[in-house]
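Open your viewer, switch to a cartoon display and get ready to select a few residues at a time.

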Amino acid sequence: MSLNRYEYFLEHFTGQLPVGESFDLVERHIKIAGKPGRMYFVDGLTDGQKCQLLLNFLMGVTTSDMQDVDTSDDFLEKVFPFLASTAETDIPNVVKQLYAGLSVVMMDGFDKLIVADTRSYPSRSVQEPEKEKTLRGAKDGFTESFMENLGLIRRRIRDNRLIFKSFNIGEKSKTDVALCYMKGVADADLVSKVDTALSKIKLDSVSVGDQTLVENLMKELEGGKRKSKFNPFPKVRYTQRPDIIGAHLTEGKIAIVIDNSPTVVLLPVGIFDFTQDVDDYYFPLITGNYLRLIRIINMLVILFISPVYLLIVEGHIGAPLDMDFIIPEDPYALPIFWQFILLEFAIDGLKLASLNTPESLGTSLSVIGALILGQFSIDSGWFIPQTILVMAVVALASFTQPSIELSYGIKFIRVIMLVGSMLFGFWGLGGGLVIGFIIVAATKTVSGHSYLYPLIPFHWASLKKLLFRTSK
């Protein structure tokens with residue numbers, strides 16, 4: 001019976017592995033207490049020192065050590081000294097664990113496969129995220145290592161109520177995903193819905209990015225069909241800072257950690273959640289409120305400055321007192337509206353170019369961008385200094401927003417207002433603003449609540465905490 005079981009594992013487990021084809025998959029023939037056995041691991045995903053210790057132990061097991069051992073479970077209980085080890089019969093699950101960096105051992109006489117945790121993933125060091133730097137406070141950030149990210153969260157919340165629930169998503173990628181929440185603090189119904197949705201997701205791969213998972217999660221939560229496919233406003237918040245995740249988990253929100261991604265997904269969120277930033281809480285109360293006020297003002301500047309300037313130039317509304325200098329005196333080749341539209345594309349093009357430019361060529365890009373969008377574009381008559389200044393203010397103000405996704409949502413509403421201002425003047429600006437407000441008001445969070453809560457429905461106690469940095 002034991003020999004047949006061993007042959008069964010050789011046929012059904014070893015037989016489906018590309019041993020000899022893929023050089024990183026290692027098979028080691030060994031003798032364990034005088035009986036034939038084999039050890040499997042993936043080179044590059046395992047700790048070489050741990051694998052060597054495991055191999056030395058297995059080859060050092062004697063027949064006397066195995067006297068009272070009848071099953072694989074007995075072997076784990078009485079002989080095997082390695083932590084996080086299991087005995088498995090589910091071959092697909094064992095294969096999945098093998099490719100996750102664990103080592104698999106089989107031996108003649110064992111009724112199960114032994115799986116030992118020898119993982120050691122290649123990863124970069126924990127460092128502050130480039131996008132979410134803070135003047136003070138913690139300087140650590142999430143990495144691409146799944147367990148390391150969970151450890152960074154657990155380090156900040158040492159509470160029995162902090163729950164990590166594991167999922168494996170992706171037919172090919174087999175990506176580890178964790179649902180994180182505070183039991184008794186987070187909305188139990190929402191936790192159950194997200195849990196069910198993650199269990200139902202069927203994807204070929206999650207290896208490209210977390211956005212694929214988020215889109216499919218939204219689809220499952222919305223009843224199998226994306227109701228907000230063309231809605232530009234984000235329903236989740238992305239962050240690479242463990243302190244932000246820790247703070248929001250204690251407030252009752254839910255986090256989703258995805259292996260191979262340094263970005264953690266936070267939900268549910270409304271539009272006012274994006275007005276908060278970690279720097280607000282690392283400074284005294286008055287300073288934190290000042291920083292948040294600047295951020296809110298900049299959000300309004302991003303939304304209104306270019307449509308309002310267009311109306312001033314076109315004469316639909318008067319220039320502010322003693323600010324006639326903002327109205328161009330010299331003739332210009334392109335209408336102001338088209339200047340703004342071209343600059344919208346040009347600024348986004350420069351952002352993409354900066355992402356794909358090697359660091360050594362960054363200075364060259366800055367010079368080229370300044371020349372093309374600055375002096376040369378003005379001298380050629382394409383743009384006037386005022387429109388370039390307005391769009392420069394928009395670009396700088398957008399950098400103060402914690403969420404890139406929300407910045408683009410505001411950008412799309414601004415373009416609608418710009419088109420309305422060009423077609424219908426002041427009433428077009430108002431119409432564009434109403435359209436934007438309707439889009440935001442019609443948006444629901446993943447929990448089904450208003451995206452504008454606590455403004456709509458109005459709840460001053462909650463709104464005060466989101467608009468102002470409070471002492472509690």
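A helix here is a DSSP run of H or I covering at least four residues, and helices are numbered from the N terminus. Keep in mind, too, that this is a predicted model.

**Stop 1: a glycine in a helix**

Select residues 404-424, which form helix H13, and pick out Gly409 inside this helix. Is Gly409 buried or exposed? Its relative accessibility is 0%, and buried means under 20%, so Gly409 counts as buried. Now show what touches Gly409: beyond its neighbours within four places in sequence, it is in contact with Pro232 and Phe233. For a sense of scale, draw a distance from the C-alpha atom of Gly409 to that of Leu58; the two are separated by 59 Å, and the residues are 351 apart along the chain.

**Stop 2: an open sheet**

Next, look for the open sheet of 5 strands, whose order is S1-S2-S4-S5-S3 with antiparallel pairing. Which strands stand at the edges? They are S1 (25-32) and S3 (85-88); each has a single partner strand, so one side of each is left without a neighbour in the sheet. Turn the view and compare strand directions: neighbouring strands of this sheet are turned by 20° against each other on average, if direction is ignored.

Zoom in on S1 and on S2, which spans residues 35-42; the two run antiparallel and are joined by 8 bridges.

**Stop 3: two residues with positive phi**

Stay where you are and select Ala33, in the loop between S1 and S2. Ala33 has a positive phi of about 55°, although it is not a glycine. With a relative accessibility of 13%, Ala33 counts as buried.

Now jump to Asn260, in the loop between strand S9 (254-258) and strand S10 (264-267). Asn260 is not a glycine either, yet its phi is positive, at about 70°. Is Asn260 buried or exposed? Its relative accessibility is 52%, so Asn260 counts as exposed.

**Stop 4: a pair of packed helices**

Two packed helices are described by the angle between their axes and the distance between the axes. Select helix H9 (residues 285-314) and helix H10 (residues 336-355): they pack at an angle of about 160°, with their axes 10 Å apart. Angles over 145 degrees count as roughly antiparallel, so that is how H9 and H10 lie to each other. H9 passes H10 in a right-handed crossing.

Show side chains to see who makes the contact: Ser306, Tyr309, Leu310 and Val313 come from H9, and Ile336, Phe337 and Phe340 come from H10. What kinds of residues form the contact of H9 with H10? They divide into 6 nonpolar, 1 polar and no charged.

**Stop 5: two cis peptide bonds**

Finish in the loop between helix H14 (426-442) and helix H15 (460-467), where Pro454 lies. The peptide bond from Tyr453 to Pro454 is cis, with omega near 10°. Move along to Pro457, also found in the loop between H14 and H15. Here a cis peptide bond joins Ile456 and Pro457, and omega is about -5°.

How values were computed:
Residues are numbered from 1 along each chain as its sequence is written. This is a predicted model: local features need pLDDT of at least 70, side-chain atom pairs count only at pLDDT 80 or more; totals for chains, interfaces and linings use all residues. Side-chain values use heavy atoms; hydrogens and water are left out. Axes are lines fitted to C-alpha atoms, for helices over the stretch in contact, and angles run from 0 to 180 degrees between N-to-C directions. Angles under 35 degrees count as roughly parallel, over 145 as roughly antiparallel, 65 to 115 as roughly perpendicular and the rest as oblique. A crossing is left-handed if the near helix is turned anticlockwise from the far one by less than a right angle, and right-handed if clockwise. Contact means heavy atoms within 4.5 Å. Ala, Val, Leu, Ile, Met, Phe, Trp, Tyr, Cys and Pro count as nonpolar, Asp, Glu, Lys and Arg as charged, and the others, Gly among them, as polar. Two strands pair if DSSP finds at least two bridges between them. Buried means under 20% relative accessible area, exposed over 50%, partly exposed in between (1.4 Å probe, protein chains only).
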